[in-house]
Amino acid sequence: MSLHTAPTILIVDDEAQNRRLLAVLLRPEGYLTYTAASGEEALAAIRDCPPDLILLDIMMPGIDGYQVASIVKANPATANIPIIMVTAHTERGARLAGLDAGAEEFLTKPVDRTELWLRVRNLLRLKSYGDLQDYSFILEQQVRARTADLQRFRTAMDATADAIMLVSRDSMRYVEVNATSCKMLGYTREEMLQQGPAALGGWTLDELKSVYDAIIAGQAHPELCEAALTRKDGTPLQVEVHRQAMRSAGDWIIVSVVRDISERKEAEQKLQHQAHHDPLTGLPNRTLFYQTLAHTLEHAGPRGWKVAVMFIDVDHFKNVNDTLGHAIGDELLAQFSQRLTACLRARDVVGRLGGDEFALILMVRDDHEVVGHIADKICGALRAPFHLQGYEVTVTASVGITVYPDDAADPDLLIKYADTAMYQAKHAGRDTFRFFTAQMNTDVLRRLELESALRKAIDNGEFVLHYQPKQHIASGQGAGVEALLRWERPGHGLVPPSAFIPTLEETGMIVRVGQWVIEQACRQIQAWLDGPVGPMRIAVNVAGRQFVEGDLEADVLRALGQYAVPPGLLELELTETSLMLNTERTIACLRNLRDRGVRIAIDDFGTGYSSLAYLRRFPIDKLKIDIAFIRELTNNPDDAAIVRAIISMAHSLNLLVVAEGVETAAQLSYLRRHDCDEAQGYFYSRPLPPEAITGFLQESRHAGRPADADAPERTLLIIDDDPFMRELLLTLFEHEGYRLLSAPSAEQAFDTLAHHDVHVILCDQQMPRMEGVAFFDRVKTMYPDTFRIVLSGKFELEPMMAAVNRGAIDRFYTKPWNDALLRECVREGFQRCRAVSAL
Ligand SMILES: Nc1nc2c(ncn2[C@@H]2O[C@H](COP(=O)(O)O[C@H]3[C@@H](O)[C@H](n4cnc5c(=O)[nH]c(N)nc54)O[C@@H]3COP(=O)(O)O)[C@@H](O)[C@H]2O)c(=O)[nH]1
């Protein structure tokens with residue numbers, strides 16, 4: 001029953017008159033009535049349109065009143081409809097049967113109007129009260145269900161790890177937040193509900209409104225975005241927000257699901273850091289360095305700034321690693337990077353490109369000079385000793401510099417050019433810096449071209465060996481040959497090793513080529529063994545990288561075995577520097593080979609470390625004096641002294657001595673007189689191809705010792721640039737029984753002295769290129785036992801007395817001389833010589 005409309009009453013009676021009567025009686029009370037003429041009709045009417053009350057006749061054909069009442073009361077949907085039985089029966093039994101069937105009241109026919117109104121009104125009141133109760137009950141149930149729903153919703157909201165925040169679009173404030181929201185942001189729920197999302201940062205109010213409106217309008221898909229919110233305590237919070245719009249009465253509610261992504265962000269940042277930083281030094285790695293450089297150039301370009309890029313390489317870092325181990329090597333790099341960073345300004349960038357290579361980016365508005373000062377400062381700072389796990393290690397660095405935009409405009413080229421300049425710094429002796437120049441670029445291109453040609457040369461077999469003989473100085477017999485590499489480069493002719501060995505060494509190709517040289521030398525020894533030349537020792541040059549990167553021992557043993565070569569016929573020549581490269585491994589390799597009989601020689605001795613005491617650690621047979629000391633051996637007292645010292649010290653250690661680069665008989669004589677064992681040089685022969693050297697060796701097999709002009713007879717050397725004077729002096733002494741030698745200059749006199757055992761020297765003072773006293777100053781050091789007389793055209797007492805006082809000359813005479821006095825002086829000279837020598 002509606003609470004506001006007139007109650008409806010169904011009148012059920014098979015008598016139309018009764019139905020009409022009842023309807024008429026009820027009309028004044030304002031009830032709406034409708035009727036049914038049978039039980040069936042009544043049930044259909046009740047189903048289609050349930051009335052508020054039923055006036056029901058009992059006795060009807062078909063379904064009677066009792067049955068109708070039972071059916072209505074049995075159906076919960078109609079059980080509440082009050083039923084008044086209208087009957088002519090007055091007996092009690094009929095009434096009880098009516099009550100049993102569910103009727104609430106009885107009226108007896110003929111119906112009294114007042115009684116009808118009263119019963120109807122009371123029952124309707126009772127029903128409306130019951131309906132109300134039902135309605136309240138339903139409402140209550142609905143509220144309870146909604147509350148349970150809400151409770152479930154809240155529990156679910158609170159249970160989720162994400163923050164859920166409901167924002168009213170109208171007020172732009174929170175209308176609901178879950179527990180996670182409060183926990184996440186540090187506010188209480190009440191505090192949250194007093195503010196809106198704009199207060200938490202991340203967005204302005206206007207931004208938020210337009211974002212929300214776009215979602216509401218369906219222009220934006222449920223949006224997922226990242227933002228940084230601010231917690232109540234002011235700390236930032238990285239979140240991911242997912243928003244959706246929901247209609248709510250006249251308003252829109254924006255449901256934001258907010259997820260704390262701080263950990264993910266931290267992990268991402270960590271990964272990002274790891275991907276861009278070197279774990280050992282913490283510096284930007286190659287990738288980040290290149291990115292930073294690219295960014296710096298973009299920034300510098302429009303502002304007209306210059307950017308200097310420095311490429312820094314630790315000199316001989318490999319030695320530290322090899323000798324002290326990788327842990328100390330790592331420690332060195334870490335300390336090195338700290339020192340590097342300390343040299344720079346905060347805005348400069350330093351990165352580790354790999355291994356011992358570092359690079360810097362410097363913003364400069366100044367000229368090259370300032371950059372040079374910085375590079376100098378860096379080299380200086382790195383020079384101080386490093387303290388590494390109890391070791392004190394000193395290293396240096398080589399620095400290459402390029403400047404943007406002067407040299408190049410892109411990061412790759414700038415770094416490449418800086419690398420090139422760094423190599424130039426290394427070639428200049430290390431521990432220094434070099435600016436890139438265009439010439440270096442040309443050199444790089446040429447080097448690359450050379451590298452690729454060398455690779456082809458190896459594959460195409462373009463290398464050949466030439467051989468240079470060595471001689472035993474004392475016996476004049478052959479002492480073996482040195483194998484020297486040559487490259488028959490197509491279109492270039494025969495290329496000398498100085499043009500390609502450095503590149504082979506730098507690139508490591510020397511390992512393969514060196515292997516080939518050893519194999520080829522053994523094959524040649526075998527060929528000579530089988531022919532008329534007979535046993536002939538070949539010395540091969542071995543580069544340091546062959547010890548470090550190759551397996552020299554295995555290469556040598558394999559080649560010896562392959563050609564059945566007696567190991568004593570193979571000699572390895574290595575420089576002092578290559579000995580120092582990987583000492584322990586090198587010593588072990590050399591010792592094993594020497595135990596088998598292979599000879600070991602130190603090449604270019606005197607130019608490197610040159611400590612004989614140090615060399616005692618190595619299994620060595622021979623020292624080869626560097627050509628640099630031989631060149632001026634006969635006229636440079638310093639070189640002569642060094643050569644004599646090397647010979648004497650080497651002999652004291654039972655080492656043989658070879659002099660390389662011997663070009664003149666004078667050099668050879670000098671070496672012979674100072675007991676050098678072997679000589680090699682153009683004096684005997686240039687390096688020759690295999691056929692030519694074979695012929696040379698065959699011929700020289702039978703050659704004896706070259707005539708030694710040095711008989712122990714009294715020898716007088718006369719030096720004057722004027723041929724007339726020379727002749728005059730020779731005539732003066734021709735009958736004195738001396739062996740007479742003469743020279744037109746100091747230079748030639750040095751050769752003569754080297755060749756011959758001279759006792760007395762008579763020298764003109766006024767000679768064009770070297771004065772007599774200057775000449776004697778040198779002779780005094782090289783041939784201290786000689787008796788030295790100066791003949792001068794001028795009377796120069798002071799310089800002559802000074803020369804006498806420092807022992808450069810023994811006597812001086814002025815031209816024209818007194819023959820008798822001069823003869824006497826020379827005689828005295830021979831006597832003095834006899835006293836100090838076996839003459
Ligand atoms: N690792 C390898 N290095 C090698 C090999 N073959 C040669 N080399 C090295 O190349 C450098 C230059 O060699 P080359 O141009 O052959 O010069 C040699 C001689 O020709 C030269 N020489 C000899 N006698 C004289 C002389 O009287 N005067 C003069 N001006 N030069 C002369 O000296 C070079 C021999 O030097 P060395 O080996 O030090 O005895 C050179 O350093 C070679 O070592 C190779 O296969 N592997």
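Visitor: Are H2 and H3 roughly parallel or roughly antiparallel to each other?

Guide: This is a predicted model. In it, the axes of H2 (residues 39-48) and H3 (residues 65-74) cross at roughly 20 degrees. Angles under 35 degrees count as roughly parallel, so H2 and H3 are roughly parallel to each other.

Visitor: Within what distance do those axes come?

Guide: The axes of H2 and H3 come within 9 Å.

Visitor: Left-handed or right-handed crossing?

Guide: H2 passes H3 in a right-handed crossing.

Visitor: Which residues meet there?

Guide: From H2, Gly39, Ala42, Leu43 and Ile46. They meet Val68, Ile71 and Val72 in H3. By class, the contact of H2 with H3 has six nonpolar residues, one polar and no charged ones.

Visitor: Moving along, at what angle do H3 and H4 pack?

Guide: H3 packs with H4 (residues 92-101) at about 25 degrees, and their axes are 8 Å apart.

Visitor: Alanine 97, then. Buried or partly exposed?

Guide: Alanine 97 sits in helix H4. Its relative accessible area is 29%, so alanine 97 is partly exposed; the cut-off for buried is under 20%.

Visitor: How far is alanine 97 from tyrosine 66, C-alpha to C-alpha?

Guide: The C-alpha atoms of alanine 97 and tyrosine 66 are separated by 7.4 Å, with the two residues 31 apart along the chain.

Visitor: Different pair. Are H11 and H12 roughly parallel or oblique?

Guide: H11 (residues 317-324) and H12 (residues 326-342) pack at an angle of about 140 degrees, and their axes lie 7 Å apart. That makes H11 oblique to H12. An angle has to be over 145 degrees to count as roughly antiparallel.

Visitor: What makes up that contact?

Guide: H11 supplies Phe317, Val320, Asn321 and Leu324. H12 supplies His326, Ile328, Gly329, Leu332 and Leu333. By class, the residues of the contact of H11 with H12 are six nonpolar, three polar and no charged.

Visitor: Now away from the helix pairs. Where does methionine 770 lie?

Guide: Methionine 770 is in the loop between strand E29 (760-764) and helix H29 (772-782).

Visitor: Is methionine 770 buried or exposed?

Guide: Methionine 770 has a relative accessible area of 15% and is therefore buried.

Visitor: What does methionine 770 touch?

Guide: Leaving out residues up to four places away in sequence, methionine 770 touches Ala746, Phe750, Phe775 and Arg778. As for glutamate 747, its C-alpha is 8.3 Å from that of methionine 770, and the two are 23 residues apart in sequence.

Visitor: Last topic, the whole chain. How many helices and strands?

Guide: The chain has 31 helices and 31 strands. It contains 839 residues, and buried residues make up 47% of them.

Visitor: What share of the contacts comes from residues 24 or more positions apart?

Guide: Such pairs account for 63% of the chain's contacts with a separation of 6 or more.

Terms used:
Residues numbered from 1 in each chain as written. Predicted model: local features only at pLDDT ≥ 70, side-chain atom pairs only at ≥ 80, totals over all residues. Heavy atoms only, no water. Axes fitted to C-alpha atoms, helices over the stretch in contact; angles between N-to-C directions. Helix = DSSP H or I, 4+ residues; strand = E, 2+ residues; numbered from the N terminus. Parallel < 35°, antiparallel > 145°, perpendicular 65-115°, else oblique. Left-handed = near helix turned anticlockwise from the far one by under 90°. Contact = heavy atoms within 4.5 Å. Nonpolar A, V, L, I, M, F, W, Y, C, P; charged D, E, K, R; others polar. Buried < 20%, exposed > 50% of the residue type's maximum accessible area, 1.4 Å probe, protein only.
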